[in-house]
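User: I'd like to learn how to read a helix and its aromatic side chains in a model. Can you walk me through it?

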Amino acid sequence: ANIMESQNNDRISELSDQVARLKGLTLDIGNEVSEQNNLLDGMGDSFGNVGDMLTGSLARMGIMLERGGAKHMCYLVAFVVFVMVFLYWLVR
């Protein structure tokens with residue numbers, strides 16, 4: 001009976017160690033999830049700011065077109081195409 005009680009105590013100790021490891025692991029996972037959520041929230045805010053900037057830029061371009069800036073828009077499009085071709089050529 002004493003031997004069985006000793007074995008049971010050993011197994012209880014092993015289980016207790018495993019539970020402690022699992023608890024530590026779940027706490028680490030919880031901390032990582034919180035950090036990732038904070039990072040994603042920050043990225044969402046940044047993307048929102050970029051969207052606002054693009055909206056403002058498009059509004060300014062629309063105003064420029066309304067004021068007769070079609071010639072300037074053609075120059076802008078040609079410049080952007082040139083830059084894209086140049087960057088493609090550099091990367092290739």
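Analyst: Helices here are DSSP runs of H or I with at least four residues, numbered from the N terminus. V80, for instance, has its place in helix 2. Keep in mind that this is a predicted model.

User: How many helices and strands are there in the protein?

Analyst: Two helices and zero strands. As for overall shape, the C-alpha trace spans about 100 × 35 × 10 Å along its principal axes. The radius of gyration is 31 Å, while a compact globule of 92 residues would come out near 12 Å.

User: Which residues make the nonpolar surface patch?

Analyst: Among them are L58, M61, V80, F82, F86 and W89, in a patch of about 1,300 Å². Helix 1 (2-66) and helix 2 (70-91) are the elements that each give two or more residues to the patch. Helix 2 gives the most, with 10 residues.

User: How do I read aromatic pairs?

Analyst: You describe a pair of aromatic rings by the distance of the centres and the angle of the planes. This structure holds two such pairs. In the F82 and F86 pair, the ring centres are 6.3 Å apart and the planes sit at 20°, so that pair is stacked.

User: Why are F82 and F86 separated by about one helical turn?

Analyst: The general idea: an α-helix has 3.6 residues a turn, so residues three or four places apart point the same way. Here F82 and F86 are four residues apart in helix 2, which means a separation of about one turn. F82 is exposed at 55% relative accessibility, whereas F86 is partly exposed at 37%. The rings of F86 and W89 have centres 6.0 Å apart and planes at 35°, so this pair is tilted.

User: And where does W89 lie relative to F86?

Analyst: Both are in helix 2, three residues apart, again about one turn. W89 counts as exposed, at 53% relative accessibility. Put together, F82, F86 and W89 form one aromatic cluster.

Definitions and conventions: Residues are numbered from 1 along each chain as its sequence is written. This is a predicted model: local features need pLDDT of at least 70, side-chain atom pairs count only at pLDDT 80 or more; totals for chains, interfaces and linings use all residues. Side-chain values use heavy atoms; hydrogens and water are left out. Patches are made of residues with over 30% relative accessible area and no salt bridge: like charges are joined within 9 Å, nonpolar side chains (Val, Leu, Ile, Met, Phe, Trp, Tyr) within 5 Å. Accessible areas come from the Shrake-Rupley method with a 1.4 Å probe; for residues, only the protein chains shown count as cover. A salt bridge is a side-chain nitrogen of Lys or Arg within 4 Å of a carboxyl oxygen of Asp or Glu. The radius of gyration is taken over C-alpha atoms; the globule rule is 2.2 Å times the number of residues to the power 0.38. Rings of Phe, Tyr and Trp (its six-membered ring) pair if their centres lie within 6.5 Å; planes under 30 degrees apart count as stacked, over 60 as edge-to-face and the rest as tilted. Buried means under 20% relative accessible area, exposed over 50%, partly exposed in between (1.4 Å probe, protein chains only).
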